[in-house]
Amino acid sequence: MSRSIQKNILVLLLIAQGILTAGCATALVIYVKRQRFAVFDAEIVRRVNALVSMIQVDDSGASGLEFSPEEGTLPAGDLFVIRDLKGAVIASSPYGIESLEGTPLDSARDLAFVARGQAYRGRLARAIPVVDQDEEKPNQPLPQVDVSYAIPSAGFDATSRSIASAAIAGSLFWLASSCLIAWFSVFRGMLPLGELAEQASAVTERSWSLSVSPRVKEVSELRPLALAFEALILRLSAAFERERTFVSDAAHELKTVVAIQKSSVQVALQGPETASNYREALERASEDIDRLNALVHRMLSLAVIEGSDRTRMNDAVLLDESILAACDQLRMVATSHRVTLDVRAAGTCFIKSEEDLLQTLWVTLLENAIRYSTPDSSITTSTTLEGRSCVVAIQDHGMGITEELLPHIFERFYRADSSRSRDNGSGGFGLGLSIAKAIVERHNGRIQVMSRLGLGTTFFVTLPLCEPAEPLNPR
């Protein structure tokens, strides 16, 4: 099942916006409701005080108090009951006693209840002093009353519902707007990614051109991906071109050898039918087959080395032993070329390698040095330690290589006229140094060359040493 980054981002934004909006709307409704409760309570207090101000001291009455309201001063619809501290009713509104009787207004600061089909909100004010207007008795204690007062809350509840509805509507509008803006932003933000994918999909085996637009590179999150794509395409293009050149050069080499062999057979068939002529033709054919076999063997060796897995290199190979074994293998060849081999070891150096792979490297480099060394010269192989690496230098005193040809000597089937042509009798195919470079790179090392025309050539091979903690099997 495919997953959409854009969809995931929008869902997360929607959830976050929904939670935030719901929290803000709830907080707003609670805050407004509390403020309106405070205003409502303040209005009840004001009406209670106004009601108490209408009470006068009357010594002739049983309670000593008389309620004397002015006409039109009592709000219509309010419920109230005024009692003295003994519980006697001093005054009440119409239906006040029956509506407020048994209502536990004293159980809370304010209380909502329903009386006669109408919603009320009220409170009980206890021991409110009644100010005596008679100045002749200033030292007498002021009488006190308890007042139960309730105001219809229909308008209050309607306003609260309106505020809540407005808050919810505003929150939903904000949520919808946020989602729309988020979708538009994510959609616009994903456009460079789609553009990069479109440009990458245009790369084919015939067109390795990937030109990432500046618009894509301006996006900080996409810039590393774009640069990685460009670098990858360049590497793939180089590898593809290298393989195509390799196939072309290999076909040319094979064609040349087959053409020479065919020519030798045709000459034998067209010549006198004698045993000596046939034998000479067969000998030339055998030499051509040997040459063809050597070419195929080197091509297969290069393909195996470049395509093999580094994890197979689990042996700790003693470097000096592999160099000495290569020298022993080439001792007769060096003698036939009147060249001496000199080995200068640096000590015990173990290299993580595969069986016989290092020896193949030294044989390849030493064969190349022997082939192009002048007679009565020497080839020096020395090893030195540099930190956690070992540097092997193979120096000959041959004809050398010109500076402009040095960058190409590791290319497949490359032969410089001054040192690698078949005319000098070397019989090389231009694969030896390519094989050497592949072996070095497989060891995570590097190979370098320094040469001066007429003075000789030196190859430097740097290889990492084995870590002591690696579980290797020394050979």
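Ala176 is found in helix 3, which spans residues 154-201; helices here are DSSP runs of H or I with at least four residues, strands are E runs with at least two, and both are numbered from the N terminus. This is a predicted model, in which local features need pLDDT of at least 70 and side-chain atom pairs count only at pLDDT 80 or more, while totals for chains, interfaces and linings use all residues. Residues are numbered from 1 along each chain as its sequence is written, and side-chain values use heavy atoms, leaving out hydrogens and water.

**Ala176**
- Ala176 counts as partly exposed because its relative accessibility is 48% (buried is under 20%, exposed over 50%, partly exposed in between, with a 1.4 Å probe and protein chains only).
- Gln17 lies 159 residues from Ala176 in sequence, with 9.4 Å between their C-alpha atoms.

**Helix 7 with helix 9**
- Helix 7 (residues 319-329) packs against helix 9 (residues 357-371) at about 50°, with the axes 8 Å apart (axes are fitted to C-alpha atoms, for helices over the stretch in contact, and angles run from 0 to 180 degrees between N-to-C directions).
- That makes helix 7 oblique to helix 9 (under 35 degrees is roughly parallel, over 145 roughly antiparallel, 65 to 115 roughly perpendicular, and the rest oblique).
- The contact (heavy atoms within 4.5 Å) includes Leu319, Ile323 and Ala326 of helix 7 and Trp362 and Leu366 of helix 9.
- Its residues divide into nine nonpolar, three polar and no charged (Ala, Val, Leu, Ile, Met, Phe, Trp, Tyr, Cys and Pro are nonpolar, Asp, Glu, Lys and Arg charged, and the others, Gly among them, polar).

**Helix 9 with helix 10**
- Helix 9 and helix 10 (residues 432-442) cross at roughly 145°, and their axes come within 9 Å.
- Among the residues in this contact are Leu361 and Leu365 of helix 9, and Leu433, Ala436 and Arg442 of helix 10.
- By class, this contact has seven nonpolar, four polar and one charged residues.

- Five strands form an open sheet in the order 9-11-12-14-13, with mixed pairing (two strands pair if DSSP finds at least two bridges between them).
- Strand 9 (339-344) and strand 13 (446-452) are at the edges with a single partner strand each, so one side of each has no neighbour in the sheet.
- Strand 13 runs antiparallel to strand 14 (residues 456-464), joined to it by seven bridges.
- Arg446 stands opposite Thr462 in strand 14.
- Helix 9 packs on this sheet, touching strands 9, 11, 12, 13 and 14, and its direction makes about 170° with that of strand 14.
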